[in-house]
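These are my notebook entries on a single chain. I set down what I looked up, in the order in which I looked.

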Amino acid sequence: MGAQIKITKQFIDEITANGERQVFRDSECKGLQLRVSPAGRKVWAYDYRDPAGKRQTFTVGDADRVSPGEARKKVRALGEDPAAEKRAEKVEAAKAGSRTLRAYLEGRYWDDHLKRARSGEATKKRILAAWAPLLDTDMAGLSVEKVAAHRLKRLDAGVKPQTLNRDRTALLALVNHAVDARLIDRNPLDDSRFKPFTARTAVRVSDDKRVRFLGQRDKDEDFRDEHGKKVGERERFTAALADSATPDYLRRLVTLALHTGMRRGEMFKLRWSEVSIERGDLRVLGDTAKTGEGRVIPLNAQALAVLRELREEKAPTQTLVFVNPDTDDAFTTLKRSWASLVNRAKVADFTLHDCRHDFASRLVQAGVPLEVVRDLLGHSSITLTERYAHLAPHQAVSAVAKLV
């Protein structure tokens, strides 16, 4: 087993590598060992028998950093089976490997169910194709947000809602089978955020196809000020936003939406740790983005001004950039204050989400390429961004004019 000796700092310093593994047992502390690798690395280890009588080893620390006295104290403070947690982690890791969608689909689910089902082979192919990015995920740790985001990407790419619903059914059946087999405790996809698509919800969830921006209806309206001058939607909305009747939190949120194109939920969850006023940008993290993918948004002067105001007021005491002033918690809705704002501005059929459309529309009208607009908005495909293409007919004219 190795020599037994009172291990001292001097003894450790004098040990040299001899190309073989060396083990020295400490005579002052039962189970404490000094282990020297063939290359000369010196490590403290605790050698003991677990409650089942099986020999176990627990690493205590590097002998170059932990003195003999400290090593003895550490060992005496250890519990009955200090390596139990690490063993459990290894067992859990092995279980997790068998709990991946792929492993279960090609293993027990195939053997118990699909192999005998008339459409078993087709179902297997459907799951492999539809849920490819998630196949190596532990079913116990499936994120309904990531699954829903992946489904949304496919909807944006043109996959029909009926097909997505069949893919959903196939995936749920597989995970439910794992629950019945007691491989996992519950189905994490049994969640309202992963409901089947209907014709109506498919349109709504796919970020709706309408384009609504300020000034869009100026030709059809005739609002005039006290001097008889015609006042358009953007001018009316800007005036109402700056009015004292608009609370500061709403003015700042809406200004950021108009100048970054962020979604409501992304702003509600935005943290100061993701904002760099010095660098002039902010990050939208994947776990707060609708598509599940993060992005970086540069900040213009208006957006920076709003964030500087907020940082000077509250940044030292809060994690979130925007909090409800009445509760100091994250916002969940702005329905009442938003309704008041658009009513005072006399702007009809304009939602908070339309600030995102307004941002994109202004970029396209200014000649910004659709690919850049797509990246700023965080669209999962260029298909969604192409809804704004008609706002830049001058680009087509300029392109054709280049022909000689």
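Predicted model: local features only at pLDDT ≥ 70, side-chain atom pairs only at ≥ 80, totals over all residues.

Entry 1, Leu-214. Leaving aside neighbours within four places in sequence, I found Leu-214 in contact with Glu-233, Arg-234, Phe-237, Val-347, Phe-350 and Asp-358. I then located Leu-214 itself, which sits in the loop between α9 (199-205) and α10. Is Leu-214 buried or exposed? Its relative accessibility is 5%, so I recorded Leu-214 as buried. I also looked up a distance between C-alpha atoms: those of Leu-214 and Asp-354 are separated by 8.7 Å, although the two residues are 140 residues apart along the chain.

Phe-237 and Phe-350 were already on my list for Leu-214.

Which residues have the most contacts inside the largest nonpolar core? They are Phe-237, Val-254, Leu-282, Leu-307 and Trp-338, in a core of 39 residues. Two or more residues of this core come from each of α10 (233-242), α11, α12 (264-268), β7, α13 (301-314) and α14 (335-345). Helix α11 gives the most, namely six residues. Another core, of 24 residues, lies apart from this one and includes Leu-101, Trp-110, Val-144 and Ile-184.

I next examined how α11 (residues 248-260) meets α15 (residues 354-365): their axes come within 7 Å and cross at roughly 35°. From α11, the residues in contact are Val-254, Ala-257, Leu-258, His-259 and Thr-260, and from α15 they are Cys-355, Asp-358, Phe-359 and Arg-362. I sorted these residues into five nonpolar, two polar and two charged.

How many disulfides does a search of the whole structure find? The search gives zero.

I found an open sheet of three strands in the order β6-β7-β8, with antiparallel pairing. Why is one side of β6 and of β8 left without a neighbour in the sheet? Both β6 (275-276) and β8 (295-298) stand at the edges with a single partner strand each, so one side of each has no neighbour there. Two bridges join β6 to β7 (residues 281-284), and Leu-282 in β7 is the bridge partner of Val-275. I had already met Leu-282 in the largest nonpolar core.

Strand β4 (residues 42-49) is mostly covered, with seven of its eight residues buried. β4 runs antiparallel to β3 (residues 32-36), joined by five bridges, and Lys-42 in β4 stands opposite Val-36. Their hairpin has five residues between the strands, and Gly-40 takes a positive phi near 105° there. Strand β5 (residues 55-62) also pairs with β4 in the antiparallel sense, over seven bridges. In this pairing, Asp-47 stands opposite Thr-57 in β5. The hairpin of β4 and β5 has five residues between the strands, and Gly-53 in the turn has a positive phi of about 90°.

Notes: Residues numbered from 1 in each chain as written. Heavy atoms only, no water. Pairing = 2+ DSSP bridges. Helix = DSSP H or I, 4+ residues; strand = E, 2+ residues; numbered from the N terminus. Disulfide = S-S within 2.5 Å. Axes fitted to C-alpha atoms, helices over the stretch in contact; angles between N-to-C directions. Contact = heavy atoms within 4.5 Å. Nonpolar A, V, L, I, M, F, W, Y, C, P; charged D, E, K, R; others polar. Core = buried A, V, L, I, M, F, W, Y, C linked by side-chain atoms within 4.5 Å. Buried < 20%, exposed > 50% of the residue type's maximum accessible area, 1.4 Å probe, protein only.
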